[in-house]
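User: I have a structure open and want to work through a few questions about it. Can you help me read it?

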Amino acid sequence: MTIASINDFGRDETNFKWWVGNARLTDLSGRLLGAHVAHAGLIMFWAGSTTISEVSRFVTDTPMYEQNLTLLPHLATLGWGVGAGGAAIDTYPYFAIGILHLVASAVLGAGGLFHVFRSPAILHNGGGIAALFHYEWNDAKKLGFILGSHLIVLGLGAFLLVMKAMNFGGLYDSAIGYVRLITNPNLNPATIFGYLFGFANGGWTILGMAAVNNLEDVIGGHIWIGAMLIAGGVWHTRVEPFPWAKRLLIINADAILACSLGGLAFMAFVSCAFAGYNTTVYPVEFYGSDRLALTNAQFFLGIIVLAGHIWHAFRARLNIS
């Protein structure tokens with residue numbers, strides 16, 4: 001593929017028709033929002049339908065890791081439907097969670113269709129609250145507002161886990177073999193941020209964050225993450241990027257997508273270490289001792305997403321939007 005063909009990619013719908021995807025919506029904020037909402041609906045539908053499917057074939061007297069399950073082990077880790085020793089004692093919570101995701105997928109799907117067929121193609125033309133999320137690629141302040149809004153939502157998501165752990169049933173603790181409330185999360189910054197540099201349990205380890213071995217540190221870390229995300233989100237919604245940041249950063253559609261994909265790839269690689277070695281977040285009772293398949297899946301997905309990051313970063317440097 002030549003530089004010229006890359007330069008044309010996404011600008012002309014006659015080129016690479018099946019590849020163009022959302023690139024044709026780059027300057028249509030309303031249509032792009034519709035595509036994002038519909039995509040979220042598809043994710044919800046996958047989560048809901050997969051959960052219901054796994055519940056329908058789940059055998060309570062067989063360990064989860066022997067049943068080729070994808071989502072139920074995660075729900076069990078969150079303390080749903082399990083008793084002493086990680087034994088599954090109630091599958092109704094899994095069924096209810098699956099149905100909630102299916103309902104959410106229908107709502108999101110309807111929202112996506114609404115933004116495609118009924119709402120303005122450009123949010124600014126619709127006025128009201130929707131106009132707040134209209135963007136222009138040369139308006140760094142508005143892009144910062146949108147970034148900040150996303151960070152706040154992510155922060156609230158982190159606090160949902162904190163609330164589940166501290167107030168609503170607790171989490172499964174593999175160290176003691178039952179579900180408990182995490183009433184005293186560790187907020188010591190030296191401990192929590194030490195994991196980032198590989199310092200854990202009185203020494204240094206290459207596993208970094210994946211070396212965490214107690215739920216107090218896990219939940220304390222999520223409190224720090226949630227607080228930082230919300231604080232950063234509020235900052236970005238109110239403060240325009242500094243001049244040095246505007247000079248340093250490339251701001252266009254591909255650059256923003258490249259940053260998102262880069263972050264997603266990083267988290268995929270971090271999850272490899274957790275899935276492979278951590279039995280606090282990935283209890284043996286639900287995931288078994290052999291996590292090679294799970295770890296490989298995370299690794300190869302990370303490679304694919306990293307390739308997308310490199311692709312869009314390259315396009316961003318060509319000043320394509």
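User: How many disulfides does a search of the whole structure find?

Analyst: A disulfide is a covalent bond between the sulfur atoms of two cysteines. Here it is counted as a pair of cysteine sulfur atoms within 2.5 Å. This is a predicted model, where local features need pLDDT of at least 70, side-chain atom pairs count only at pLDDT 80 or more, and totals for chains, interfaces and linings use all residues. Residues are numbered from 1 along each chain as its sequence is written, and side-chain values use heavy atoms, leaving out hydrogens and water. The number of disulfides found is 0.

User: Is C259 buried or exposed?

Analyst: Buried means under 20% relative accessible area, exposed means over 50%, and partly exposed is in between (1.4 Å probe, protein chains only). C272, at 10%, counts as buried. C259 has a relative accessible area of 61%, so C259 is exposed.

User: What share of the 321 residues in the protein chain is buried?

Analyst: The same cut-off of under 20% applies. Across the 321 residues of the protein chain, the buried share is 37%.

User: Where does F242 lie?

Analyst: F242 has a relative accessible area of 38%, so F242 is partly exposed. Helices here are DSSP runs (H or I, at least four residues), numbered from the N terminus. F242 lies in the loop between α8 (215-238) and α9 (243-248).

User: What does the C-alpha trace of the protein chain span along its principal axes?

Analyst: The spans are given along the principal axes of the C-alpha trace. They come to about 60 × 45 × 45 Å.

Definitions and conventions
Helix = DSSP H or I, 4+ residues; strand = E, 2+ residues; numbered from the N terminus.
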